[in-house]
Amino acid sequence: MIRKNPAFENLAAGYLFPEIAKRRRSYAAAHPDAKLISLGIGNTTEPLTPYITAAMKSYVEALGTAAGYSGYGDDSAGEAPLRAKIASVLYGGLVGADEVFVSDGAKCDVGRVQQMFGAAVSVAVQDPAYPVYVDGSVMVGAAGKMPASAAGYADVTYMPCLPENNFFPDLSVVKPDSLIYFCSPNNPTGAVATKAELRRLVDFARANGCIILFDAAYFAFIRDPSLPKTIFEIDGARECAVEINSFSKPIGFTGVRLGWTVIPKELRFADGTPVQTLWTRLTNTFFNGASNIAQAGGLASLDPEGLAEMRTLTDYYLENARLIREALSGANFTAEGVETYAQGNAPYLWVRFPGRKSWEVFDAILDRCRVVTTPGAGFGPAGESFIRFSSFGHRSAVVEACDRLAQLKL
Ligand SMILES: *Cc1c(COP(=O)(O)O)cnc(C)c1O
């Protein structure tokens, strides 16, 4: 028989969300009458918006005609008008249309980026972090083994992001020539790096031969105008950063699937090869372009009408976040020293329960409130004692969950 790829033998426990689903199922089986509400997984819940839906509908209808049909796109990097509009509308010209590579989503692009760097690259991640960065690094063989202490993969540098450092890491722990994963607004903490902080990150990367993989999937939730929405607002980022981005959270395209990656022309590997060259080679081999229907929707979302819908949709989730925040500021929480970190620029609330374990708090909230959350420890060692509350949900369910939380006896 054939052995599995040995890199997969290093994978520690299963992916976080299947474990949550398992606990949820067994709770539901034991309590068949309990009405569970999920503030757990970061999945969108509100319908596609009218202007964007109409654009996709008419595109589909055209596909059913001889004149409007098209097959594979000319270029796996996406339709030229969409690339140009992303560059002009979302980046204000800070990047060129030929530096925007449209894809079927940010998660898929993280995996492709990891293939470009392979097993030999040093990896640094914010801790806590979106699990894909670390698990993907394991699968390409870059993360090494998980020690028995389960303290984190041997070849991954964890950069703790805690309230104590304002969720911005100490970069001095990062090895030279590392691939640095950085997500802002952050999943799971909701923290957004300031311009000064991103400048420190970019300066560090340039001085140390690092490349930043900047995940900006939550840019559309930023309301504070002083906060940067893209790494390319920082001078020098063009020489050291790749930005991964997505239409999933801004316009509810989690199921439709559309994202993009920005790779500046200046960005090079040690031997001088432009990163764009490898990316084009890789994506032309393994990817035939994003769905043309999804691209029609993405294009519409960047019209004034689409941008207004994007704003309304993200406002809806931000209002949910505000309601959850209010519920968590109740006397039952403050008496226990529970602290909620949320600045109103992300759909997540990051909540510390001092002296408690994440999974224990997860089970307590599930049992007593019938609310599903996400245990912070699942995002990395520094997530222990934290719980992530997601604000993706219908308003009525969120209000009900808030009522239950307000009565929780910890
Ligand atoms: C949801 C999410 C994405 C989006 O991934 P898609 O594949 O585009 O749906 C990317 N990064 C982070 C951190 C996310 O939470």
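Which residue lies over the face of Y316, and at what distance from the ring centre? R395 does, at 4.3 Å from the ring centre.

## About the model

This is a predicted model, where local features need pLDDT of at least 70, side-chain atom pairs count only at pLDDT 80 or more, and totals for chains, interfaces and linings use all residues. Residues are numbered from 1 along each chain as its sequence is written, and side-chain values use heavy atoms, with hydrogens and water left out.

## Charges over rings

## Aromatic pairs

The whole structure holds 20 aromatic pairs. Rings of Phe, Tyr and Trp (its six-membered ring) pair if their centres lie within 6.5 Å; planes under 30 degrees apart count as stacked, over 60 as edge-to-face and the rest as tilted. One of the pairs, Y133 with Y181, is stacked, at 4.9 Å centre to centre and 20° between the planes. Both of these residues are buried (under 20% relative accessible area, 1.4 Å probe, protein chains only).

F168 and F182 have ring centres 5.9 Å apart and planes at 50°, so this pair is tilted. F168 and F182 are buried too. Elsewhere, Y218, F221, Y316, Y317, Y348 and F392 form one aromatic cluster, and Y316 is the ring that R395 lies over.

Conventions
Buried means under 20% relative accessible area, exposed over 50%, partly exposed in between (1.4 Å probe, protein chains only). A charge sits over a ring if NZ of Lys or CZ of Arg is within 6 Å of the ring centre and within 35 degrees of the ring normal.
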